[in-house]
Amino acid sequence: MEDLHPDLERILIPAEVIQARVCELAAQIDRDYAGVERLYLVGILKGAFIFLADLARVLKTPHSVDFMALSSYGKATSSGAVRILMDLREPVEGQHV
């Protein structure tokens with residue numbers, strides 16, 4: 001058995017299964033956006049950065065990557081209002097996102 005971080009009890013989905021699914025998603029995106037000049041990948045920090053990096057590495061479609069940071073929390077609980085802490089560097093209008 002693999003050595004787990006002390007905070008972990010068990011692995012629910014093995015890394016190989018996740019990577020296979022990322023490859024499937026990339027293949028689907030490549031089919032859906034075949035012929036597109038550029039795809040604009042947007043990740044929401046902090047949770048999406050590893051997934052988006054893995055996806056971007058496998059995509060064949062030309063793409064650029066950007067991130068947003070959002071918050072819906074006050075001191076310890078959700079306020080219900082989403083605040084943009086860091087916005088995209090370019091507008092998404094007219095782009096394949």
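Strands here are DSSP runs of E with at least two residues, numbered from the N terminus. The model shown is predicted.

**View 1. Serine 64 in its strand.** Serine 64 lies in strand E2. That strand covers residues 63-73. Relative accessibility at serine 64 is 19%. Buried means under 20%, so serine 64 counts as buried.

**View 2. The contacts of serine 64.** Which residues does serine 64 touch, leaving aside those up to four places away in sequence? The partners are Arg38, Leu39, Tyr40 and Leu41.

**View 3. The order of elements in the chain.** The chain holds 2 helices and 3 strands. Read from the N terminus, the order is α-β-α-β-β. The radius of gyration is 17 Å, well over the 13 Å from the globule rule for 97 residues, so the chain is more spread out than a compact globule. The C-alpha trace spans about 45 × 40 × 15 Å along its principal axes.

View 4. Of the 97 residues, 22% count as buried. Among contacts with a separation of 6 or more, 53% come from residues 24 or more positions apart.

**View 5. The surface and charges of the chain.** The chain carries 10 positive and 14 negative charges.

Methods:
Residues are numbered from 1 along each chain as its sequence is written. This is a predicted model: local features need pLDDT of at least 70, side-chain atom pairs count only at pLDDT 80 or more; totals for chains, interfaces and linings use all residues. Side-chain values use heavy atoms; hydrogens and water are left out. Helices (H or I, at least four residues) and strands (E, at least two) are DSSP runs, numbered from the N terminus. Buried means under 20% relative accessible area, exposed over 50%, partly exposed in between (1.4 Å probe, protein chains only). Contact means heavy atoms within 4.5 Å. The radius of gyration is taken over C-alpha atoms; the globule rule is 2.2 Å times the number of residues to the power 0.38. Lys and Arg count as positive and Asp and Glu as negative; His and the chain ends are not counted. The place of a charge is taken as NZ of Lys, CZ of Arg, CG of Asp or CD of Glu.
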